[in-house]
Amino acid sequence: MTTIKMLAAASLLMSAAWAAAAPTAAPDAAQVKAAHDMLAAMQAEKMLRTTAGMSKYPSPAQREIVMAKVVKLPAEEIYGRLALPVARLLSTETAAEMTRYYQSSYGQKVLMQTYNGPPRLYPEDPKPTPAEKLELKKPAYVKASQEFKAAEPAIHHEAFVLLSEINKAK
């Protein structure tokens, strides 16, 4: 009985967190542009390929068809199609700060390990240099990182939605 109550409470907390993480107003052009730039910096095409690779398919042939569609899709089209849904999830300031982060040397190391590293049960970031540690402690980055981490499951969901749309396209 307590397990059910705990699950109910956890689901309420998660839904409240997602509601708080999503801005209520429609994103403006600057916010969509900032989200587009962030997706380009974080190499969202690789995130979409990872999502496609982790998804379940009725047959290996279907998996190959979907992967071929995803690989053939230009990266700029992926950024454009994901920019509006992601802009609804993040503020302009967060998207700009995360763009700067992913363009930094440490952000590039994180991306390299994320997309090219071995599979891991628990993700482990590379060790930052002392200069990179100072950058990671800046208040603007800390705030943006917290907002990004809160929105990350929704961003991955939007990538899955895009993958579904690509799969349905003829």
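Which residues form one aromatic cluster? Tyr101, Tyr102, Tyr106, Tyr141 and Phe148 do. The structure holds four aromatic pairs. Rings of Phe, Tyr and Trp (its six-membered ring) pair if their centres lie within 6.5 Å.

The model is predicted; local features need pLDDT of at least 70, side-chain atom pairs count only at pLDDT 80 or more, and totals for chains, interfaces and linings use all residues. Residues are numbered from 1 along each chain as its sequence is written, and side-chain values use heavy atoms, without hydrogens and water.

Helix H2 covers residues 29-41. Helices are DSSP runs (H or I, at least four residues), numbered from the N terminus. The expected span is 1.5 Å times one less than the number of residues, so the 13 residues of H2 should span 18 Å. The end C-alpha atoms of H2 are 18 Å apart, which agrees. Gln31, Ala34, Ala35, His36, Met38, Leu39 and Ala41 are buried in H2 (under 20% relative accessible area, 1.4 Å probe, protein chains only). These buried residues pack against H3 (44-54), H5 (75-89), H6 (92-103), H7 (105-116) and H9 (139-168); contact means heavy atoms within 4.5 Å. Gln43 follows H2 and has a positive phi, near 55°.

The largest pocket has a volume of about 1,100 Å³. A pocket is an open set of points on a 1 Å grid over the protein atoms alone, where a 1.4 Å probe fits, with protein on both sides within 12 Å along at least five of seven lines. The volume is the space filled by probe spheres set on the points, which are joined across faces, edges and corners. The largest pocket is lined by 37 residues, each with an atom within 4 Å of a point. Thr114, Tyr115, Pro123, Glu152 and His156 lie nearest its centre. H3, H6, H7 and H9 each give two or more residues to this lining.

Terms used:
Buried < 20%, exposed > 50% of the residue type's maximum accessible area, 1.4 Å probe, protein only. Phe/Tyr/Trp six-rings, centres within 6.5 Å; stacked < 30°, edge-to-face > 60°.
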